[in-house]
Amino acid sequence: MSETVTVAGAQTGAIGPGRLVLVVGPSGAGKDTLLRLARAACIEDHDIVFPRRVVTRESSADEDNIAVSSDEFRRARDHGDFAVHWEAHGHSYALPLDLNDDIRAGRAVVANVSRTVIGALRRTYANVVVVAITAPPDVLAQRLAARARDSDGNIAERLTRSVDDASAQADVTILNAGSAEYHGRQLLRVIRNQGWHE
C-alpha cells in the first residue's frame, strides 16, 4: 500500500489566521457521519467551511465527495487546483486550493484527510487542530463489513494500519462508540474552538 502526499507550495506556517481542523481516523470510525452532523449544525455559520474532497472513486451515502476519473484528477493536479493531494488504497484524494482563501479570511476549514498528510499540513498552515475519531476494533470491523465497499480493500489490513509520525498525533480524540448525535456535538465544539467536553 503506497501513500504519498503533496501540499501546494507555501512557506512554513505561512497560511493563516484561520483554523484548519483535520478529521482523521480508521475506516469505519464514523468520520463521515459525524462530519455530516457537524456540517448540518453549521449551515448558517459562514465562518465554518467544509470543503468537498475530490476522490477517484464513487461517494457513499454518507460522503460528500466530488467523484472524478483518474485522468480528471491528474489534469486538475497538474493545473494546480489542489491545496493538498494524496494517494491511499489505490485512490487519489485532494482538497481544493480555494480552502487557502478561507483560511486567510480567518474561517475554520474542516476536512476529512489521511493521517499521512498531517505533518505536511502542520508545516504549511499556522493553526492546525487534529481530531482523531476512532472506535473499538470490533465496532470498526462490524462497520466495515456492513459497508461492504470493494474499494475499502482488505479489512484486516485497514484495521492494523498505523502512521509513525509524531506530527500526526491527534490534539483531540473522540471515541465514537455511543450516540452519533452526542459525538457530533463533541466534534462541533472542537470546530467552534469551545473545547470538546459537554
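**A first look around**

Guide: Let's start at Asp102, which sits in helix α3, residues 99-104. Keep in mind that this is a predicted model.

Visitor: Is Asp102 buried or exposed?
Guide: Asp102 is buried, because its relative accessible area is 15% and the cut-off for buried is under 20%.

Visitor: What is Asp102 in contact with, leaving aside its neighbours within four places in sequence?
Guide: Its contacts are Val49, Arg107 and Val109.

Visitor: Which of those does Asp102 form a salt bridge with?
Guide: With Arg107; the closest N and O atoms are 2.8 Å apart. Arg107 is partly exposed, at a relative accessible area of 26%.

Visitor: How many salt bridges are there?
Guide: The count comes to four. Side chains of opposite charge can pair when their charged atoms come close.

Visitor: What does Arg74 meet in a salt bridge?
Guide: The side chain of Asp71, at 2.3 Å from N to O. Both residues belong to helix α2, residues 70-79, and they are three residues apart, about one turn of the helix.

Visitor: Why does a spacing of three places matter in a helix?
Guide: An α-helix has 3.6 residues a turn, so residues three or four places apart point the same way.

Visitor: And how exposed are Arg74 and Asp71?
Guide: Arg74 is partly exposed, with a relative accessible area of 37%. Asp71 is also partly exposed, with 43%.

Visitor: What about Arg77, what does that one meet?
Guide: Arg77 and Asp78 form a salt bridge through their side chains, 3.2 Å from N to O. Arg77 counts as partly exposed at 30% relative accessibility, while Asp78 counts as exposed at 57%.

Visitor: New topic. How many aromatic pairs does the structure hold?
Guide: Two. In one of them, the ring centres of Phe73 and Phe82 are 4.8 Å apart and the planes are at 40 degrees, so the pair is tilted. Phe73 and Phe82 are both buried.

Visitor: What about the rings of Trp86 and Tyr93?
Guide: Their centres are 5.7 Å apart and their planes are at 5 degrees, so this pair is stacked. The cut-off for stacked is under 30 degrees.

Visitor: Are Trp86 and Tyr93 buried or exposed?
Guide: Trp86 counts as buried at 3% relative accessibility. Tyr93 counts as buried at 7%.

Visitor: Let's move to helix α7. What should its residues span?
Guide: Helix α7 has 12 residues, 180-191, and at 1.5 Å a residue they should span 16 Å. The end C-alpha atoms are 16 Å apart, which agrees.

Visitor: Which residues of α7 are buried?
Guide: They are His183, Gly184, Gln186, Leu187, Leu188, Val190 and Ile191.

Visitor: And what do they pack against?
Guide: The buried residues of α7 pack against helix α1 (31-41) and several strands, among them β2 (19-24), β8 (108-112), β9 (128-134) and β10 (172-175).

Visitor: What caps the N-terminal end of α7?
Guide: Ser179 does, with a side-chain oxygen 3.2 Å from the backbone nitrogen of Glu181.

Visitor: And what follows α7?
Guide: Asn193 follows, and its phi is positive, near 60 degrees.

Visitor: Now for a loop. Where does Asn65 lie?
Guide: Asn65 lies between strands β4 (54-55) and β5 (66-67), in the loop that joins them. Asn65 is buried, with a relative accessible area of 9%.

Visitor: What does its side chain make a polar contact with?
Guide: The Asn65 side chain makes that contact with the side chain of Arg53, at 3.4 Å. Pro51 is 14 residues from Asn65 along the chain, and the C-alpha atoms of these two are separated by 8.9 Å.

Visitor: Zooming out, how many helices and strands are there in the protein?
Guide: Seven helices and 10 strands.

Visitor: How much of the protein do buried residues make up?
Guide: Of the 198 residues, 46% are buried. The protein exposes about 9700 Å², and carbon and sulfur atoms supply 47% of that area.

Visitor: Last one. What share of contacts join residues at least 24 apart?
Guide: It is 71%, taken among contacts between residues at least 6 apart in sequence.

Terms used. Residues numbered from 1 in each chain as written. Predicted model: local features only at pLDDT ≥ 70, side-chain atom pairs only at ≥ 80, totals over all residues. Heavy atoms only, no water. Phe/Tyr/Trp six-rings, centres within 6.5 Å; stacked < 30°, edge-to-face > 60°. Buried < 20%, exposed > 50% of the residue type's maximum accessible area, 1.4 Å probe, protein only. Helix = DSSP H or I, 4+ residues; strand = E, 2+ residues; numbered from the N terminus. Contact = heavy atoms within 4.5 Å. Expected span 1.5 Å × (residues − 1). Polar contact = N/O pair within 3.5 Å; in protein donor to acceptor, adjacent residues only side chain to side chain. Areas by Shrake-Rupley, 256 points an atom, 1.4 Å probe, with all protein chains shown as cover.
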